[in-house]
Amino acid sequence: MFQPSESHILDDSLDLPEILNSPNPQISGLDSSGYSIVPIPLVEFSKNPSFSEDGTTSSESTSSVIPSERFSKNIPELFPEDVTSSEPTSSGTKESRRTVRPTECSVCGLPANGYHYDVPSCNGCKTFFRRMCLSEKVFQCKGNSDCFDLSKRATPLKCRFCRHQKCITVGMNPLAMELDQKQAESSNFQKLIKRKEIKREEPDDDDDCQVVQVINSQKSKNVIKMMDSTENKLQKSIDMLIYLEAKVEKFRKSAYNPKSTEISGIEFLLQTESRIAYADRYEPMPNWPLPPQPPRKPFFPTGMKEKGPCGKGPKHHPDRKNWLFFNLVTTVEYAKTFMFFHKLESKDQFILIKHVTLACMNLHISFSSVQRKFAEPIQPDGSPTPYFDETHYDAMVMSVAPLIRCQVQSVEYLLLKAICLCNPAVPDLSPNAQKTIAIEREKYADALFDHCLRNRSPAHFAQLMQIFDLLERQQRMQKDIHLLYVASKLAKLPKECAIRVIEDIMDN
């Protein structure tokens with residue numbers, strides 16, 4: 001038995017963290033074994049018999065040392081202050097608070113006889129709360145729902161609804177009840193459990209998490225959380241792009257085949273509803289892919305040499321699409337699905353679409369062709385992209401080579417296309433539009449960089465970003481060729497022969 005060699009003073013001012021962090025073993029009270037040594041003060045008795053180790057009394061000495069076994073039982077008598085453990089418990093401060101017997105019921109204000117369901121209360125409110133939790137009835141207050149507001153009245157009114165709400169407000173815990181399986185299935189109990197769990201696990205304003213599902217049972221009371229981390233945010237962006245691309249491809253292969261005269265320019269497209277939803281409205285185009293055909297003679301992409309019966313506009317084929325026109329329309333509809341795009345003013349929308357549509361279209365056609373193992377742009381119906389001459393052909397296929405060389409994956413293509421759309425360096429954009437687009441572009445650039453770090457390398461990310469320079473150069477060449485070959489022909493033909501969407505985008 002440990003016997004102190006000298007008298008010590010028990011210091012209640014040191015809490016557990018201070019003791020553990022103390023560098024002095026004498027101050028911390030820790031021996032080499034890691035156990036705390038509590039000095040036992042000497043207690044002197046005058047004219048009182050001392051206690052021997054066998055429990056008998058002895059009058060030979062007027063002062064003696066109390067054995068530790070007996071002294072531990074008399075600690076509350078020697079130190080009347082509340083002595084609580086410094087180690088953390090599951091109930092926190094409730095353990096120290098419960099050392100004092102409650103005097104007033106937190107619900108009705110009557111004398112309390114203890115803690116019931118974690119709240120100081122009387123037996124009446126304890127029984128009432130249990131009965132209400134196991135009941136299937138729903139009550140309503142006939143007054144102003146303040147019948148148990150003791151700040152307005154000294155005695156609460158007889159209202160079961162207000163009394164039940166007061167029990168919930170003061171914090172009565174339904175999980176502290178001992179219930180069988182049948183009792184735990186009552187509707188009021190389940191509602192209260194769900195309300196308590198959601199309130200307890202509800203994230204703060206600065207907490208970067210989202211409550212997804214609440215598991216309500218007596219044994220399992222956990223809340224499943226989905227941490228809205230940076231990785232999850234990037235994955236959400238990628239999932240959205242995957243879903244959108246599937247809709248775009250379905251739209252291109254659908255039987256929706258509008259005439260060029262139905263869409264009068266980019267402004268008309270921006271002011272009308274999104275046509276991507278037509279992918280679910282129309283069936284796939286029949287008889288695709290088309291049978292192989294001999295190489296056609298060079299023709300103008302506007303279709304001016306194939307005029308309709310009235311001599312106005314290109315001839316419309318019900319089973320074949322004018323792919324330059326349709327792909328440009330598809331790219332504009334693709335841009336309209338982004339939320340940031342609708343935050344821009346109409347003028348900024350027009351400027352952005354006019355500058356980036358052709359580059360996004362070329363990237364889309366090139367990647368879909370590479371996926372199908374073609375070295376040149378091929379349309380969904382199996383037809384090759386028309387061209388004027390060798391110079392025009394080189395301009396059409398120049399975006400295919402880097403995709404093959406870099407072995408671009410589907411996720412990388414989707415992010416590249418979104419980055420290509422979000423170009424804040426477009427001339428004549430307003431400062432607000434530039435800021436909005438830059439934020440959106442940074443989001444997709446971060447997602448692409450994160451993907452390259454995880455699956456490729458930082459050097460691969462640099463190679464992918466170089467593709468944008470090639471896309472810019474490609475669309476400039478296409479616009480110059482269009483101006484060289486088509487503008488002179490348009491001057492000799494009626495104005496109706498031109499397709500407005502193509503002319504709006506090709507116009508420099």
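**Helices, cores and contacts**

Helix α18, made of residues 458-465, packs against helix α19, residues 467-485, at an angle of about 10°, and their axes lie 4 Å apart; this is a predicted model, and what follows should be read as a description of that prediction. Since angles under 35 degrees count as roughly parallel, α18 and α19 are therefore roughly parallel to each other. On the α18 side the contact is made by Gln 463, Leu 464 and Met 465, and on the α19 side by Ile 467, Phe 468 and Asp 469. Sorted by class, the residues of this contact of α18 with α19 comprise four nonpolar, one polar and one charged.

A second pair of helices meets in another way. Helix α9, which covers residues 230-252, and helix α13, which covers residues 346-371, pack at an angle of about 85°, with a distance of 13 Å between their axes. Because angles from 65 to 115 degrees count as roughly perpendicular, that description applies to α9 and α13. Here Glu 245, Val 248, Glu 249 and Arg 252 of α9 meet His 364, Ile 365 and Ser 368 of α13, and the contact of α9 with α13 holds two nonpolar, two polar and three charged residues.

Helix α9 can also be followed along its own length. With 23 residues, α9 reaches 33 Å from its first C-alpha to its last, which is close to the 33 Å expected at 1.5 Å a residue. Its buried residues are Leu 234, Ser 237, Ile 238, Leu 241, Leu 244, Glu 245, Lys 247, Val 248, Glu 249, Phe 251 and Arg 252. The elements that cover these buried residues of α9 include α11 (278-281), α12 (323-336), α13, α16 (410-421) and α17 (431-455).

Helix α17, one of those covering elements, has 25 residues and reaches 36 Å from its first C-alpha to its last, close to the 36 Å expected at 1.5 Å a residue. The buried residues of α17 are Ala 433, Thr 436, Ile 437, Glu 440, Tyr 444, Ala 445, Ala 447, Leu 448, His 451 and Cys 452, and what covers them includes α9, α13, α16 and α18.

In soluble globular proteins, nonpolar side chains tend to be buried together. The largest nonpolar core of this model has 72 residues, of which Phe 338 and Val 408 touch the most other members, while α13 gives the most to this core, with eleven residues. Once its neighbours within four places in sequence are left aside, Phe 338 is in contact with Met 240, Leu 241, Leu 244, Leu 421 and Tyr 444. Apart from this core lies another, of 27 residues, which includes Cys 141, Cys 167, Met 172 and Leu 192.

Technical notes: Residues are numbered from 1 along each chain as its sequence is written. This is a predicted model: local features need pLDDT of at least 70, side-chain atom pairs count only at pLDDT 80 or more; totals for chains, interfaces and linings use all residues. Side-chain values use heavy atoms; hydrogens and water are left out. Axes are lines fitted to C-alpha atoms, for helices over the stretch in contact, and angles run from 0 to 180 degrees between N-to-C directions. Helices (H or I, at least four residues) and strands (E, at least two) are DSSP runs, numbered from the N terminus. Angles under 35 degrees count as roughly parallel, over 145 as roughly antiparallel, 65 to 115 as roughly perpendicular and the rest as oblique. Contact means heavy atoms within 4.5 Å. Ala, Val, Leu, Ile, Met, Phe, Trp, Tyr, Cys and Pro count as nonpolar, Asp, Glu, Lys and Arg as charged, and the others, Gly among them, as polar. A nonpolar core is a set of buried Ala, Val, Leu, Ile, Met, Phe, Trp, Tyr and Cys residues joined through side-chain atoms within 4.5 Å. Buried means under 20% relative accessible area, exposed over 50%, partly exposed in between (1.4 Å probe, protein chains only). The expected span of a helix is 1.5 Å times one less than its number of residues.
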